[in-house]
Amino acid sequence: MQKKINEFLDLQKIDLNIAEFEKTFETVPSKLNELRNKIDFEERKIINLKEKIESQKLELNELNLEVESANEKIKALEDKLFSINSTKEFEALQKETGDLKRLKLGIEDDQIKLMENLENSQKNLDENETKFDEEIEPLRQEIDELQKNLDECNLEKDKLLNERGEKTKELDKDLLKTYENLLRNKPPVIIPIIGESCGSCFIKIPPQTHIKVLQEEEIVLCPFCNKILISETENND
Ligand SMILES: [Zn+2]
């Protein structure tokens, strides 16, 4: 049995390498996502600001037209005032002119507020565009580099996985099943005893377990961490 188990040590080396790759690049996909989301968010902000500015300009245009039209109406009414003889009609016209002038003042107040808002939006846009150029744009390069590393790592990992596939063909099927079940926990799966303790969890193993390992007749698991135990001397590489 020990011989059979030892045949798995090469597989274990590959699995350790794969695990190492996975660990090194574990956080890369989420980091990439985070960077991409950040760019999207800042881009969206700028688009929204531009849309806001466009709609504020349109609104301002409308107010300008309203003021123009109020001016025209006021002028027409004032012209009419000269050609009127009846006091009653004169007073009615004067009231109408007054109402229009007040309306116009209200619109002009709105114009001023809107112009201030527009100015703020424009300032906001300028600031965001500057920030984008300085802080966000360089993130694209960071993304490219991370992505390149990740691609390379995945290639290497694929190679290892192929190698692994070839390797498993040579191995005992039943033991492979046990090994792969234990692998879910994470490699290494096969661990030498050190002195009287498990080489993984370092807990002293019971004497009867130790004897079974030395007898080399069956698969012996560490009762504490579930690793396959092998004797110390057999695993020097
Ligand atoms: Zn253990």
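1. Strand E1 (residues 190-194) runs parallel to E3, and three bridges join the two; one of the facing pairs sets Ile 190 opposite Ile 228 in E3. Strands here are DSSP runs of type E with at least two residues, helices are runs of H or I with at least four residues, and both are numbered from the N terminus. Two strands are taken to pair if DSSP finds at least two bridges between them.

2. Before going further, please keep in mind that this is a predicted model, in which local features need pLDDT of at least 70 and side-chain atom pairs count only at pLDDT 80 or more, whereas totals for chains, interfaces and linings use all residues. Residues are numbered from 1 along each chain as its sequence is written.

3. On its other pairing, E1 meets E2 in the antiparallel sense over two bridges, and Ile 194 has Ser 197 in E2 as its bridge partner. The hairpin formed by E1 and E2 has two residues between the strands, and in it Gly 195 takes a positive phi near 60°.

4. Taken together, the three strands form an open sheet in the order E2-E1-E3, with mixed pairing. Strand E2 (197-198) and strand E3 (228-230) stand at the edges with a single partner strand each, so one side of each is left without a neighbour in the sheet.

5. Two loops deserve a look at the backbone. Pro 188, which lies in the loop between helix H5 (173-183) and E1, is joined to Pro 187 by a cis peptide bond with omega near -5°. Phe 202, placed in the loop between E2 and helix H6 (207-215), has a positive phi of about 65° although it is not a glycine.

6. Over the whole chain there are six helices and three strands, and their pattern along the sequence reads α-α-α-α-α-β-β-α-β. The radius of gyration of the chain is 40 Å, well over the 18 Å that the globule rule gives for 237 residues, so the chain is more spread out than a compact globule. That radius is taken over C-alpha atoms, and the rule is 2.2 Å times the number of residues to the power 0.38. Along the principal axes, the C-alpha atoms fill a box of roughly 130 × 35 × 30 Å.

7. Helix H3 (residues 28-82) and helix H4 (residues 87-169) pack with their axes 6 Å apart and at an angle of about 165°, where axes are lines fitted to C-alpha atoms, for helices over the stretch in contact, and angles run from 0 to 180 degrees between N-to-C directions. H3 and H4 are therefore roughly antiparallel to each other, a term used for angles over 145 degrees. The contact of H3 with H4 has, by class, 29 nonpolar, nine polar and 20 charged residues; Ala, Val, Leu, Ile, Met, Phe, Trp, Tyr, Cys and Pro count as nonpolar, Asp, Glu, Lys and Arg as charged, and the others, Gly among them, as polar.

8. Helix H2 (residues 9-24) also packs with H4, at an angle of about 160° and with the axes 10 Å apart, and H2 and H4 are therefore roughly antiparallel to each other.

9. The domain assignment, whose bounds come from an automatic or database source, gives domain 1 (2-10 + 172-234) and domain 2 (19-169). The centres of domain 1 and domain 2, taken over C-alpha atoms, are separated by 63 Å.

Notes. Parallel < 35°, antiparallel > 145°, perpendicular 65-115°, else oblique.
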